[in-house]
Amino acid sequence: LMYYNKDFFDENNLEISMYPTVDELVDLSAQIKELGKQPIAFGNVDMYPGIMLFGDFILQNNGSEIIDKLNSGEESWADSETVKEALESIAQLGQNGCFTTGFEAQDHSAAIESFVNGTCAMMYMGTWWLTYVEGGPENMDFEFATIASPRLEGVEASQAAQIWSSQATFINAATENPDYCAEYLNY
């Protein structure tokens with residue numbers, strides 16, 4: 001998802017599409033900077049936000065079968081047009097100042113804070129970021145809304161989506177199958 005500071009957008013008559021393209025975000029980011037804010041909160045020192053965005057872009061024009069093709073070697077990571085387009089789109093966002101200044105050296109917790117404190121007008125992140133807001137999102141100084149992740153040019157609807165989930169697994173300490181449990185956890 002992309003979150004945005006609805007109050008800031010309304011106060012400044014900024015328009016944002018529910019399904020913004022990379023080019024639209026580049027144009028919008030320039031307007032946001034002129035108004036004194038950073039565009040998209042994005043902390044990539046740990047690399048997972050970039051990996052998530054990379055995955056979003058890869059799956060837009062392809063179903064999930066592209067992952068099997070890439071992982072099996074049927075399609076080469078180095079020669080894949082899908083991979084090239086995804087990487088070029090991320091580079092386009094980064095090189096055009098769409099991400100927080102210093103995004104490559106800050107973690108995503110800092111990026112979340114820059115959105116929560118109003119420094120950034122938008123943020124790329126999943127729903128778990130709300131746990132970072134002390135007292136919950138109702139304690140934020142602005143109303144926020146959501147839009148879809150950036151779209152590649154010509155993509156009407158993503159062909160597949162990645163789901164990132166947390167998992168808790170409990171195993172009874174008195175289990176009769178400790179080796180099986182260890183194997184499962186190791187998987």
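Visitor: Which residues does Phe9 touch, not counting residues up to four places away in sequence?
Guide: Phe9 touches Tyr4, Leu14, Ile16, Leu28, Ile32, Ala121 and Met122, where contact means heavy atoms within 4.5 Å. Mind you, this is a predicted model, with local features needing pLDDT of at least 70, side-chain atom pairs counting only at pLDDT 80 or more, and totals for chains, interfaces and linings using all residues. Residues are numbered from 1 along each chain as its sequence is written, and side-chain values use heavy atoms, leaving out hydrogens and water.

Visitor: Why is Phe42 called buried?
Guide: Phe42 has 1% relative accessibility, and buried means under 20% relative accessible area (over 50% is exposed, in between partly exposed; 1.4 Å probe, protein chains only). So Phe42 counts as buried. Phe99, with 5%, is buried too.

Visitor: What makes the pair of Phe42 and Phe99 stacked?
Guide: Rings of Phe, Tyr and Trp (its six-membered ring) pair if their centres lie within 6.5 Å; planes under 30 degrees apart count as stacked, over 60 as edge-to-face and the rest as tilted. By this rule there are 12 aromatic pairs. Here the centres are 4.1 Å apart and the planes at 15°, so the Phe42 and Phe99 pair is stacked.

Visitor: And why is the pair of Phe42 and Phe103 edge-to-face?
Guide: Their planes sit at 65° and their centres are 6.1 Å apart, so that pair is edge-to-face.

Visitor: How do you know that Lys37 lies over the face of Phe8?
Guide: A charge sits over a ring if NZ of Lys or CZ of Arg is within 6 Å of the ring centre and within 35 degrees of the ring normal. Lys37 lies over the face of Phe8, at 5.1 Å from the ring centre.
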